[in-house]
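I opened my notebook beside the structure today. Here is what I looked up, entry by entry.

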Amino acid sequence: MPSNKETLFQNHIAHFLETQHQYVVLSHDDLKDREYHIIEAHLIAFIKETQLEKYQSLQNDFGTDTDNEIIKAIKDELGKTQLWLLIRNGVTVRGTKLQLYKPKPRSNTSEQQEAHYQKNTLAFKTEYKYNTLTDERVDLVIWLNGLPIIVSELKHEDEGQNVDDAIYESFLTRDLKNQLYKMPFMYLALSNTEAKVATNPSSDKNFLWFNAQLVNKAETKGEYPVEHVYRHAFSKENIVKYLEHYLVFVPAVEKINEEGVLEHKPSFTIFPRYHQFRASKNLAEDVKTHVEDTRGLGKKYLINHSAGAGKTLTISWMADLLDSLYTSDNKKVFDNIIILTDRKSLDKNVKDDLEKFTHLKQKLNFTKKSKDLADFLEKDRDIIVSTIHKFAHIQEKLQNDDVLKKRKVAFLIDEAHRSQDGKLALTMRQYFNDDTDTEDEDIESLEKLNISNQVFVAFTATTTPKTVSYFGEPFDIYSEEEAIAEGYILDVAQNIISYETLYNLRLKEAIPEKDFPVGTVSKALKTLAFNDDSLIQYKSEVIVKMFEEEVATTIAEKGKAMVVTSSRPAGLKYFNNIKTILKEKNLPYKVVFAFSDFNDSETNQTIEESVVNELETKHGGKLIEDVFDLPEYRILVVANKFQTGFDQPLLSAMFLDKAVKGVNAIQTVSRLNRRHNDKEQDDILVVDFTNNSKEIFDAFNKHRKGSPFKEKEPDKGLLEELFKEIEALEIFTEEEIELYINAYLDAEAQAKERESEADALLSNLNQDYRQKFKERVSSLEDQKQYVSLLRRYTKLYYFIAKFFSLDQYLNDFIVFAEVMANMLIKKGKTSDMKNLLKKVELSKGAVKYHGLKTNLHAVKEPKKTGLKLGGGGQEPVRTTIELALAEIESKYQITKDDAIIIKEICEEVSNNYEIKERVVANKENDIYLKNNAKPRIKQEVKQGYIMRDMVDKLEDPIYSQRGGIISLMGNAIIKNILTATG
């Protein structure tokens with residue numbers, strides 16, 4: 001009778017290993033080698049049973065010393081190679097290569113291979129007294145063919161100890177110089193309810209969670225909650241899989257850092273977390289079962305894994321497993337595995353992780369340019385890593401390649417919600433689609449788009465209704481809630497410091513009364529307000545002040561911040577303001593600005609990221625993210641860049657000057673969730689200048705437990721109804737539509753040989769159709785209504801066509817709809833609204849503090865909703881700019897105390913005749929401008945606040961301190977005067 005529950009738990013696992021997995025139970029007499037813990041009898045027996053000829057060859061040379069020579073060769077190799085690598089690759093004994101285990105055969109080509117696999121011997125010992133000098137015991141040790149591979153310490157929570165006690169009281173107190181703590185690849189801390197795993201037991205930080213779910217539960221009656229460990233993780237099939245596929249060796253790296261110091265990163269082994277192992281293994285097995293049952297492919301999978309789940313490694317393991325699949329009749333399941341990322345430059349994380357899989361070196365093919373993709377497909381390479389965009393550049397080659405239509409392909413798709421929407425994703429599928437294969441099928445199945453030779457596996461942390469509709473509900477879920485609980489990511493949606501940016505706008509002069517869609521006007525006016533110099537200046541001061549007080553000391557004084565701006569012009573102003581403040585305050589931090597190059601609307605000059613950040617002149621052409629990696633660069637300003645996919649563990653703070661919601665809110669704020677050894681939950685700071693905390697909390701809460709959406713196939717009839725609605729307007733006849741489609745397709749076919757002639761033909765035809773359209777539809781509103789219907793048809797078509805084979809008339813009409821939607825209403829260089837907005841300016845602005853907002857975590861199991869594809873081409877509600885300005889003024893009541901009047905005072909002082917005259921007269925004299933003009937100007941600025949009875953502003957450190965608003969206003973006034981006078 002066990003004396004305690006820990007012993008009961010240990011005995012239960014031992015019994016399971018013996019009876020269910022047929023492990024050999026070891027006795028004290030079997031364990032004679034207490035230095036390397038090798039069971040010589042098991043190892044030699046395995047070699048004799050699986051490689052007898054090699055053993056006999058060695059025996060001819062060494063006679064009775066043969067066994068000693070084999071053991072000696074292994075021990076010698078262990079001085080420079082990890083045991084699991086030795087097991088994977090084999091050991092050479094005086095020129096003869098011996099295998100130390102036999103993998104499970106991938107196909108049925110040889111009965112002998114299966115027989116050899118079955119000869120692998122798994123054995124275990126409980127209470128193993130491993131140290132000859134002490135009485136220390138290990139709860140459980142597992143051997144494969146006489147070689148120690150797994151060490152486990154067991155605890156039972158009813159005895160007052162948990163999984164962490166197994167680490168701190170057992171592993172970390174042992175003699176870690178002993179070979180038993182160097183040779184195995186798995187060190188398992190296991191309680192009756194939880195599990196943690198390390199490949200190196202020397203630090204508690206090496207132990208990672210190995211739970212099957214957030215709260216482990218037994219899958220079989222009478223078993224413990226950690227049944228997944230002893231039933232699945234300890235099975236012969238899976239242990240062999242670890243050795244063949246899952247264990248990854250990352251070699252040591254030495255490099256000279258920016259300070260010229262040689263840095264050494266030691267080698268280490270990667271072992272999968274349980275969800276990575278579960279998802280990749282189960283999916284490969286499901287594909288194989290499906291192939292055996294149906295003799296075809298044609299399946300779609302969605303993997304819903306949280307940020308921080310190690311997605312790129314999961315993709316890598318999955319690629320390896322799928323490439324290894326064979327059918328029962330010994331045919332390879334896939335010709336090509338294509339890993340797709342949506343980055344235009346191949347995602348560095350995917351490439352880096354895949355390159356760690358050294359056993360795949362001969363199979364991996366990375367596309368640097370479109371030509372590489374075409375070459376790899378032509379040469380039928382096994383695993384191809386590409387971006388979806390590269391398919392766009394080889395369309396002609398692919399469309400003419402009938403060989404591809406017969407290929408059996410698995411697509412592993414990174415970030416499904418971003419990369420699988422629209423025309424290119426549909427076109428890519430069709431390259432590998434042979435419709436002729438379905439001729440003998442029944443009519444109902446013909447309606448479905450034929451993907452019988454393709455499998456799609458899409459990965460996402462944040463599902464959308466469209467993603468779930470296309471790929472189905474998640475095949476495997478590792479939720480954000482689990483990732484946070486297991487400590488792989490930080491919870492970035494606990495608290496938000498909330499401000500509200502208030503603004504009133506006015507017309508500088510009268511404008512004609514024209515109406516526009518309400519949403520378009522509202523967005524444009526908000527962008528204009530958020531681009532205001534005064535508001536940006538004030539918020540820049542808040543950012544730097546909070547960075548100094550809340551961020552600079554985080555992560556062992558390495559913490560970094562991201563400023564998310566509303567536009568590229570606004571981002572440039574933030575960058576310049578923050579740069580000036582840091583300089584004036586003499587702070588040791590630097591700022592960079594990440595953006596795509598753009599034209600300045602006022603000067604028409606091109607603003608380039610490389611020039612603004614001096615990437616070429618100061619940083620030798622480094623990428624912006626590599627510059628931000630340098631220790632002195634602590635603040636990153638972004639404008640529509642790095643809000644998704646950017647991985648920088650030192651980011652601990654985010655300042656949002658742009659409203660984010662839904663999936664975009666999760667993606668953006670999650671830039672902060674990456675773990676770092678020195679990063680704590682309390683280091684996370686989110687500041688929102690848009691009073692949008694509720695939207696952000698709601699978005700996170702909706703996705704905390706996994707996908708909130710249910711699978712719902714779209715209605716093919718919606719596209720047909722929309723076509724009939726367009727057709728019923730009778731704006732163009734059937735003959736005219738058919739004529740245009742044929743002309744367009746002919747012109748495309750001729751384009752390579754007679755490009756200018758084809759283009760000229762279409763240009764004339766477009767003019768004719770535009771003229772007919774204007775004659776037949778006189779009202780601008782009716783014209784817009786028709787174009788809106790065409791645009792909706794285009795969007796709906798590319799979604800519906802991913803599900804169904806469509807009638808030819810619907811496929812033909814997309815050519816007409818897509819071209820005409822962009823051509824019928826001719827656009828000028830600048831729209832009417834943009835011209836009118838030039839006459840609008842900010843009259844009053846404020847940044848109002850709302851305090852700390854807390855997410856109450858009211859996370860219930862979400863009620864799953866499906867896809868909604870409704871609505872016609874209705875025009876949105878419209879308004880005029882004047883009405884929109886009045887509505888904004890009534891919405892934002894700005895008090896005198898709240899108002900930021902920086903611009904007003906700057907203009908007032910800039911127009912002071914005496915000041916203006918002296919600045920202009922001394923424009924070349926920097927010393928005068930700094931020591932005389934600027935102090936005088938600052939006094940005038942202060943006087944401006946005093947005259948307005950706003951002395952409290954001057955007492956606010958944001959205004960008064962070194963590098964504060966008063967100081968920045970002095971710089972701005974001098975710059976304004978010099979700019980105005982040339």
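Which residue in strand 17 is the bridge partner of L364? I looked it up: L364 is partnered by I383.

**Ground rules**

I noted that this is a predicted model, where local features need pLDDT of at least 70, side-chain atom pairs count only at pLDDT 80 or more, and totals for chains, interfaces and linings use all residues. I count residues from 1 along each chain as its sequence is written, and side-chain values use heavy atoms, with hydrogens and water left out.

**Strand 17 and its neighbours**

I then looked at the pairing around strand 17. My helices (H or I, at least four residues) and strands (E, at least two) are DSSP runs, numbered from the N terminus. Two strands pair if DSSP finds at least two bridges between them. Strand 16 (residues 364-366) pairs with strand 17 in the parallel sense over three bridges. Between strand 16 and strand 17 the chain passes through helix 13 (residues 370-378), and this β-α-β crossover is right-handed. I wrote down what that term asks for: with the strands pointing away from the viewer, the path from the first strand over the helix to the second runs clockwise.

Strand 15 (residues 336-341) also pairs with strand 17 in the parallel sense, over five bridges. There I found I339 opposite V385.

Why is strand 17 largely enclosed by the rest of the structure? Five of the five residues of strand 17 (residues 383-387) are buried, so the strand is largely enclosed. Buried means under 20% relative accessible area, exposed over 50%, and partly exposed in between (1.4 Å probe, protein chains only). I checked both faces: I383, V385 and T387 are buried on one side, and I384 and S386 on the other.

**H21**

Next I went to the loop between helix 1 (5-19) and strand 1 (24-25), where H21 sits. H21 is buried, with a relative accessible area of 16%. I found two polar contacts (N or O atoms within 3.5 Å; within protein, one must be able to donate a hydrogen and the other to accept it, and residues adjacent in sequence count only if both atoms are side-chain atoms). The side chain of H21 reaches the backbone oxygen of Y230 at 2.9 Å. A polar atom of that side chain also lies 3.1 Å from the backbone oxygen of R231. Leaving aside residues up to four places away in sequence, H21 touches F16, Y230, R231, F234 and S235; a contact means heavy atoms within 4.5 Å.

**Helix 24**

I moved on to helix 24 (residues 568-584), which has 17 residues and reaches 24 Å from its first C-alpha to its last, close to the 24 Å expected at 1.5 Å a residue. The expected span is 1.5 Å times one less than the number of residues. At the start of helix 24, a side-chain oxygen of S567 comes to within 3.2 Å of the backbone nitrogen of A570. Among the buried residues of helix 24 are A570, L572, F575 and I581. After the helix I found N586, whose phi is positive, near 60°.

My last stop was an open sheet of eight strands, in the order 24-27-23-28-29-21-30-32, with mixed pairing. Strand 24 (590-594) and strand 32 (899-900) are at the edges with a single partner strand each, so one side of each has no neighbour in the sheet. Strand 30 (residues 840-854) and strand 32 run antiparallel, joined by two bridges. In that pair, G845 stands opposite I900.
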